[in-house]
Amino acid sequence: MAESAPATHDDHHEPSGLIKYIWSTDHKIIGMQYLFTGMFMALVGGFFAYAFRMQLAFPGVDIPGWGTMTPPDYNALVTNHGTIMIFWVAMPVLIAAFGNFLIPLMIGCDDMVFPRLNRLSYQVFLLSTIILLASFFVPGGAFGGAWTAYPPLSAQSTYNLTPWGAPLWLLAVALEFAAFLMGGINFITTTMNSRAPGMKMHDIPLVVWMIVLASIIFMLSVGPLFAGAIMLFFDQVLGTGFFDPNRGGDPVLWQHMFWFFGHPEVYVVLLPAMGIVAEIITVFARKKFFAYTPVLYTTFAAGVASFTVWAHHQFIAGIDPRMAHIFTVTTLLISVPIAVIVFCSIATLYGGSIRFKTPMLWALSFIFEFLLGGVTGIYLGAAGADVYFHDSYFVLAHFHYTFFPIAIIGTFAAITYWFPKMFGRHMNETLGKIHFVGTIIPFNLIFIPLFILGLAGQHRRIYSFSLFPDLAKPEFQDLRVFATVSLLVMLAFQFVFLFNFFSSMIKGRKAEKNPYDANTLEWTTESPPPHGNWSELPSVYRGPYEYSVPGRADDFWPQNEPS
Amino acid sequence: MFEPFKVEALSTFASDIDGVIILVTILVGFWFFVAQAALIGFCIHFRHRDGHKAQYIAGDKKSETRWITIPLALIVTCDVFIAMADGPVWKKVKEHRPEPDRIVRVIAQQWAWTFVHPGQDEKLGTPDDITTTGDLHVEVNKVYHFELSSRDVLHSFSVPVFRLKQDAIPGRTIVGWFEATGTGTYDIQCTEICGIGHGLMPARIQIETPEQHAAWVSERSQTLLASTTSLRAGQE
């Protein structure tokens, strides 16, 4: 499906063929490249989930499309499912694809300030993708030491038994970071320097702010992990002992480096998704965003606070137990800024005139599902409760209730909303709603059983529970089967989306400039926008959310319309 | 319906941890339902109807923002309650260790658990120590310290019925404690991925009455004695 994507949409943009497309510096094309690569990787990550969930529900079965699963297979699939969904789906789609596509269009400029750096960013990202996928075809197979890659397991091939897979995995992740640093530099610089005349800081749409803040958080947090990745790479291939206790190293050091990045990373992907939701609910509720300025500053605060919570991933990892109190408090406190953003999104609906179009359904379901992910995080932030829940399916269900809304629901919201602008055509609304229902309901039916299994003490990354009498009861297995069948249903409904996506691209109803009567600047140019975006660059006269202003006949007021 | 999924609470701190879990459930559960009710209620009440225009609310007046700030103050209060309840529990489980009645050694490796129990002399590190693989024998109502170490990679020693979990780190010995409050045989898990055999290193904890435990120790001591004697005989 998506494999054929680049060829399918190539002819829409650059008449001079594939080479021109690959070497384009146009931010919209680079955004599409990230989008299609991310969608392809989502299929890979989804296929992995299918394969290992089949093993869990029907241990030892001959899995269609995979075959019989061995323990090394299982570990490699679990590891790379997590790695792919975060680094090769959530980040490229939410930040890179939509950041690239939207930032110049929403701030009213013709392209990124460093277009060639932007192109290099995608090319390095593509290289990292190829390396990651190649790691499945090397002697020993792909890395299977979890996406957190804790040494000594990840550091020494005598332990992980993947002499090629582990360094390739690490190399791919490090290159991916480099790609996103280049992209992030562009997002921040472009937003600060290239806004349309008249666009003040408080006139910038929230989604742009969120992507910029995410890029800043990423830049500030990735340094230690990048250093750690190089140290780990040296441990793997040069035989150094940074993380080897037998030679004076410390394996727990890696955990600090990883989670000092890893927790801010949650916000790196969360913020763009929240920004997408903010854009959509204002348009479909015909409402000004509730408390724009406080929300913006709260988000800054959340970004800063996200650097102070990392050790809540390490409560039982052998850190000084007295430290746990501090990290419990910071973790509980970070619930406050996130609650502000969620509450203000809900408050925006108050007094609205809500239209339940497909993008709006996704945006509302984001809030609905993310709330459960948010509140279940409190259990894990409280160190005492975390002793029981750590590394259980409760944790797994919790973060899927955050990451699924972020990476999947947020992406579907964004794609269905900006599709007319990206491709100049509308998606089919009926198919969109079928896909929505067929995704959201099974999603809950997958992960609610996993919450129950986690409460019952089921631990993570286990190939088969048959050796654990307390977990091998038939009732437990019934829930595992139920979750897997729900996953199969959800995956089946994704073909509805793929069909809708590609068929609408070719023969969907033609989209006008501003099909939703929205205010932000991307809706003032053609659909799709030409190279250079506007024939005459727009000026800005007001904020992005002036909907239903009293005394006006129209219920919207585009940012570029003179008063 | 949920009966098969109930995990017994069999240590002196298990019910404390369950208490934190219940407190969090009540406090965050309340906010969860309030927020969902607002979300769903607004969606129904403010759905698009012909002739109705949306209101213009910027959310910059005090009368408007208090709908956010008051709930937030209450949430912070809830956070304080949770932190206050959680702190002492964590302290009890991980910081304060009561004097031990017995000490056992727990050694993790790819992919097995080795347990060293004191023999009839009640002392660890003497020739009558009882070493087992995959089987930890403890006596109910006795304070145990465990000395946890790893021979290779990270592992994690987890006993769900005790609500106990602690990572094992190569190069370190981490001491923890537990006191069982009921008898039976339950799973011990490794809860840190440790390689391809991560799912293949199960172990069981046997929590025994004093009589059962004494019988086990003496039985094992005799076996040990017999094997040492035969070993010596062989050497001679």
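Visitor: In which loop of chain A does A:Pro152 lie?

Guide: This is a predicted model, in which local features need pLDDT of at least 70 and side-chain atom pairs count only at pLDDT 80 or more, while totals for chains, interfaces and linings use all residues. Residues are numbered from 1 along each chain as its sequence is written, chains are lettered from A and ligands numbered from 1 in the order in which they are written, and side-chain values use heavy atoms, with hydrogens and water left out. Helices are DSSP runs (H or I, at least four residues), numbered from the N terminus. A:Pro152 belongs to the loop between helix 5 (115-134) and helix 6 (157-160) of chain A. The peptide bond from A:Pro151 to A:Pro152 is cis, with omega near 0°.

Visitor: Which residues does the other cis peptide bond, with omega about -10°, join?

Guide: That bond links A:Ser527 and A:Pro528. A:Pro528 is found in the segment after helix 16 (474-507) of chain A.

Visitor: How is a helix crossing read, and at what angle do helix 3 and helix 14 of chain A cross?

Guide: Axes are lines fitted to C-alpha atoms, for helices over the stretch in contact, and angles run from 0 to 180 degrees between N-to-C directions. For helix 3 (residues 27-57) and helix 14 (residues 393-423) of chain A, the axes come within 13 Å and cross at roughly 145°. Contact (heavy atoms within 4.5 Å) involves A:Met32, A:Phe36 and A:Arg53 of helix 3, among others, and residues of helix 14 including A:Tyr393 and A:Ile415. The contact residues comprise nine nonpolar, no polar and one charged; Ala, Val, Leu, Ile, Met, Phe, Trp, Tyr, Cys and Pro count as nonpolar, Asp, Glu, Lys and Arg as charged, and the others, Gly among them, as polar.

Visitor: What phi does A:Asp391 have?

Guide: A:Asp391 has a positive phi of about 60°, although it is not a glycine. This residue lies in the loop between helix 13 and helix 14 of chain A.

Visitor: How much area do chain A and chain B bury between them?

Guide: The size of an interface is often given as the accessible area lost when the parts come together. Here buried area is the accessible area (1.4 Å probe) that two parts lose on being put together, summed over both. Chains A and B bury about 7,600 Å², 71% of it on carbon and sulfur atoms. In chain A, A:Phe343, A:Val387 and A:Tyr388 lose the most area to chain B, together 8% of what that side buries. The contact brings 98 residues of chain A to 80 residues of chain B.

Definitions and conventions
Helices (H or I, at least four residues) and strands (E, at least two) are DSSP runs, numbered from the N terminus.
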